[in-house]
Amino acid sequence: MKIVVCIKQVPDTKGGVKFNPDGTLDRGAMLTIMNPDDKAGLEAALRLKDQYGAEVTVVTMGLPKAEEVLREAMAMGADNGVLVTDRVLGGADTWATSQTLAGAIRNLEYDLIISGRQAIDGDTAQVGPQISEHLGIPVISYAQKIREINLEDKYIVVERQYDDRYHVVKAQLPCLLTALAELNEPRYMTPGGIFDAYAKEITVWGRKDLIDVEDSNLGLKGSPTQIARASDKVRKGAGEQVNLDPAASADYIVSKLAAKHVI
């Protein structure tokens, strides 16, 4: 069984967010982490590896420093890492990103592709389903539990989160899942795993390695989404403090809510 996991190096928002003049994130100037939903998807793949002896390949698109997140994934137990990096891919929105990742994945063999539901830097939840569309395979989004995989008959059964309940969905393999962070508790890297990860070679692909992707669908120029304005999180004021007895405090709060048309 061969599994491809799409992971993303995202800004660690605790360290602050920086923007380029064109409104895109200045990823080179920020502290980074592995996207939480992607890490849950990676853990799901590693558990399937433990159960079926699957081969797990992690793929990411980003700056050369995104190699760090691939090393982390390999230290957790992934077998191979693929970094897709090229200047022409910079500034990509979800459409251009999914086109790029699909073009890279066409080089690989896979029975299952797993991505996170969404990335914390964009929160669109679009890239995974778009990859499946480009590759012409079924997608099960918002996966909260993998119930069954039948390699002989080539199907997968997944619980898909839906409001206050879930759907049980069966799909033919190959298939793409988008994983929720709640899917599982990701394992830690081990000292031996870290040593092995840095002894392995990362595969690096650029524009020339993408299969069946037009230049017009890549990078900032191939992104139909236009950013009108971007800024850091607006800081709230200090607020207002009052010292009143309980009855007067209740009246004060009600008056403020009424003034803002909340009640």
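How many bridges join β4 to strand β5? Five bridges link β4 to β5 (residues 80-84), and these two strands run parallel. The model described here is predicted, with local features needing pLDDT of at least 70 and side-chain atom pairs counting only at pLDDT 80 or more, while totals for chains, interfaces and linings use all residues. Residues are numbered from 1 along each chain as its sequence is written, and side-chain values use heavy atoms, with hydrogens and water left out.

Helices (H or I, at least four residues) and strands (E, at least two) are DSSP runs, numbered from the N terminus, and two strands pair if DSSP finds at least two bridges between them. Burial is judged by relative accessible area (buried under 20%, exposed over 50%, partly exposed in between, with a 1.4 Å probe and protein chains only). Strand β4 covers residues 55-61, and six of its seven residues are buried, so the strand is largely enclosed by the rest of the structure. E55, which belongs to β4, is partly exposed at a relative accessible area of 31%. Although E55 and M1 are 54 residues apart in sequence, their C-alpha atoms are 6.3 Å apart in space.

Most residues other than glycine have a negative phi, and most peptide bonds are trans. Y142, in strand β7, has a positive phi near 55° and is partly exposed, with a relative accessible area of 28%. D163 is not a glycine either, yet its phi is positive, at about 50°. This residue lies in the loop between β8 (155-162) and β9 and counts as exposed at 67% relative accessibility. The peptide bond joining L173 and P174 is cis, with omega about 0°; P174 is found in the loop between β9 (165-172) and β10 (175-179).

Next come the pockets. On a 1 Å grid over the protein atoms alone, a pocket is an open set of points where a 1.4 Å probe fits, with protein on both sides within 12 Å along at least five of seven lines, and lining residues have an atom within 4 Å of a point. Grid points are joined across faces, edges and corners, and a volume is the space filled by probe spheres set on the points. The second largest pocket has a volume of about 190 Å³. Its lining has 13 residues, and A44, R47, L48, Q51 and I146 lie nearest the centre. Both α1 (36-52) and β7 (139-150) supply at least two lining residues, with β7 giving the largest share, six residues. By type, the lining divides into six nonpolar, three polar and four charged residues (Ala, Val, Leu, Ile, Met, Phe, Trp, Tyr, Cys and Pro are nonpolar, Asp, Glu, Lys and Arg charged, and the others, Gly among them, polar).

A charge sits over a ring if NZ of Lys or CZ of Arg is within 6 Å of the ring centre and within 35 degrees of the ring normal. The charged end of K170 sits over the ring of Y155, 4.1 Å from its centre, and that of R71 sits over the ring of Y198, 5.4 Å from its centre.
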